[in-house]
Structure formats: C-alpha cells, structure tokens
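Dear colleague,

Please find it below, followed by an account of what was found in it.

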Amino acid sequence: MEQMEWKPIVEKCSGCGNVIEERCRIWTTPAAKWRMGICPSATHMKVEVKSTETKVRVGQQKQKKK
Ligand code: SF4
C-alpha cells in the first residue's frame, strides 16, 4: 500500500477538531484547503456561503429561433 504524505497543519487549523497529533485527519495538505478560502471541514470556523455560488446566470440568448 502506498503511503500518502501527510503535510503538517497550517496556522489556521489550530482549534479545529480534526487535528490529531499535529496532522489533519481528513486532508493530506491542509494548506491547500485554506488557499481556496476557509477549509470546508474546519470545525472551528463557519464556512461562509459565498453569494457568487448562487448568482443568477445571465443567459445570452443569441440563438435565433426559426
Ligand atoms: S479539517 Fe481543515 S481546518 Fe481542520 S485540520 Fe484539517 S485542514 Fe485544518
């Protein structure tokens, strides 16, 4: 079995319930999770739902109907 490389937790992980012995028990690279914003699995932070997720798509209806 291949062993995954578990990177150490980052500063923002402190206080998270998923930290076990200085490692995250969910993600191998915690830093990558925080690079995109708040870690989705963080127990000590609330994941903010960004409004961009629900933004209404403005359709460009350039297709001509016959
Ligand atoms: S779940 Fe997220 S916040 Fe918690 S230790 Fe892992 S990477 Fe860090």
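The notes that follow cover the protein chain as a whole, the surroundings of the ligand, and one lysine.

Please bear in mind that this is a predicted model. Of the 66 residues in the protein chain, 18% are buried. The accessible surface amounts to about 6,500 Å², and carbon and sulfur atoms account for 51% of that area. As for contacts between residues at least 6 apart in sequence, 22% link residues that are at least 24 apart.

The ligand is located in the largest cavity. Around the ligand are Cys13, Cys16, Asn18, Val19, Cys24 and Trp27, together with Pro30, Trp34, Cys39, Ser41, Ala42 and His44. By class, this shell comprises nine nonpolar residues and three polar ones, with no charged residue.

Lys33 may also be of interest to you. This residue belongs to helix 1, which spans residues 30-35. Lys33 has a relative accessibility of 15% and is therefore classed as buried, since the limit for that class is under 20%. Beyond its neighbours within four places in sequence, Lys33 makes contact with Trp27, Ile38, Cys39 and Pro40. Two of these partners, Trp27 and Cys39, are also among the residues that surround the ligand.

With kind regards

Technical notes. Residues numbered from 1 in each chain as written. Predicted model: local features only at pLDDT ≥ 70, side-chain atom pairs only at ≥ 80, totals over all residues. Heavy atoms only, no water. Near = heavy atom within 4 Å. 1 Å grid on protein atoms, 1.4 Å probe; cavity = no way out; pocket = protein on both sides within 12 Å on 5 of 7 lines; lining within 4 Å. Sits in = over half its atoms within 2 Å of the grid points. Nonpolar A, V, L, I, M, F, W, Y, C, P; charged D, E, K, R; others polar. Helix = DSSP H or I, 4+ residues; strand = E, 2+ residues; numbered from the N terminus. Buried < 20%, exposed > 50% of the residue type's maximum accessible area, 1.4 Å probe, protein only. Contact = heavy atoms within 4.5 Å. Areas by Shrake-Rupley, 256 points an atom, 1.4 Å probe, with all protein chains shown as cover.
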